[in-house]
Amino acid sequence: MRIDVISLFPEFVAQCAAFGVVGRAGERGLLSLHGWNPRDYAEGNYRRVDERPFGGGPGMVMLIEPLRAAIRAARAADPAPARVVYMSPQGVRLDQAKVRELAAHERLILLCGRYEGVDERLIQAEVDEDVSIGDYVLSGGELAAAVIVDAVARLQDGALNDAESAVQDSFEDGLLDCPHYTRPVEHELGGVPAVLMSGNHAHIARWRRQQSLGRTWQRRPDLLDEAGLSKADRKLLEAYRAELAA
Ligand SMILES: NC(=O)c1ccc(NCc2ccccc2N2CCOCC2)nc1
């Protein structure tokens, strides 16, 4: 998968992709990341990339032409068609389903706005979809782009080893994760649930599932509805709630 990032700070996103699983995906050739700075395509001796907004008001708006030239350069760098995604608070909310959808493209071009955003005509002409990583305001789209790079990199075939993909799957089953413990067994902060020391893998799997169900019910009941619970799941959750009520 190839990702091109259009940003006034392209090294920002490159750095986020230099570590861990994402860095390894890059080394394995599973993901290639390229940055394009609109300032390199800005005309005039001030190389302007922004201008005051028509209609007045605070802040500046990013100009059409430097962005358009940077997007064109990114498109031209590889023959494969690219999906252009604008990182914006007005976008469709990113979730794992959307991550999977984005990860299926051969190429993504991520457009990162700064200032107050981008001239609407550029968005209408070049952007395929707006994506938001959540309902909050950031100083630029770069952090949102880095989130997408990380999430889609993990889904590239070969990016994760067996343990890592098991963890990924546990999050993708639509429930919150169960609690985790490691040594020491006894600690001033407390002990470890006995079932985890029992060596009974069926009991351990059941306890972990019950914890995931219980925590999801407590913290994110909205996720429960679409998690598609089995009858066994419902029984486990009932027992969890009964234990809490006791
Ligand atoms: N939730 C998100 O995915 C998200 C994404 C980007 C982003 N900021 C860049 C930006 C992009 C587009 C429009 C405005 C802006 N902003 C520029 C700075 O001022 C605020 C508005 N913020 C949050």
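Analyst: Let's start with a definition: two strands count as paired when DSSP finds at least two bridges between them. Keep in mind, too, that what you're looking at is a predicted model.

User: Okay, how many bridges join β1 to β6?

Analyst: The general idea goes like this: strands of a sheet pair through backbone hydrogen bonds, either parallel or antiparallel. Here, β1 (residues 2-6) and β6 (residues 107-112) run parallel and are joined by five bridges.

User: In what order do the strands of the open sheet come?

Analyst: Read across, the five strands go β2-β1-β6-β5-β7, with parallel pairing. The edges belong to β2 (32-36) and β7 (129-132); each has a single partner strand, so one side of each has no neighbour in the sheet. From one strand to the next, the twist averages 35°.

User: Is β1 mostly covered or mostly exposed?

Analyst: Now for β1: five of its five residues are buried. Arg2, Asp4 and Ile6 sit on one side, Ile3 and Val5 on the other, and both faces are covered. Buried here means under 20% relative accessible area.

User: Which strands does helix α6 touch?

Analyst: Helix α6 (residues 142-154) packs on the sheet and touches β1, β2, β5, β6 and β7, with its direction at about 160° to that of β6. Then there's helix α4 (residues 96-103), which lies across β5 (83-93), β6 and β7 and runs at about 135° to β7.

User: What is phi at Arg47?

Analyst: As background, most residues other than glycine have a negative phi, and most peptide bonds are trans. Arg47 isn't a glycine, yet its phi is positive, about 45°. It belongs to the loop between β2 and β3 (50-51), and Arg47 is partly exposed at 37% relative accessible area. Tyr115 is another non-glycine residue with a positive phi, near 55°. Its place is the loop between β6 and α5 (120-126), and at 35% relative accessibility Tyr115 is partly exposed as well.

User: And which residues does a cis peptide bond join?

Analyst: Look at Arg183 and Pro184: the bond joining them is cis, with omega about 5°. To find the spot, go to the loop between α7 (162-172) and α8 (201-219), where Pro184 lies.

Note on methods
Residues are numbered from 1 along each chain as its sequence is written. This is a predicted model: local features need pLDDT of at least 70, side-chain atom pairs count only at pLDDT 80 or more; totals for chains, interfaces and linings use all residues. Side-chain values use heavy atoms; hydrogens and water are left out. Helices (H or I, at least four residues) and strands (E, at least two) are DSSP runs, numbered from the N terminus. Axes are lines fitted to C-alpha atoms, for helices over the stretch in contact, and angles run from 0 to 180 degrees between N-to-C directions. Contact means heavy atoms within 4.5 Å. Buried means under 20% relative accessible area, exposed over 50%, partly exposed in between (1.4 Å probe, protein chains only).
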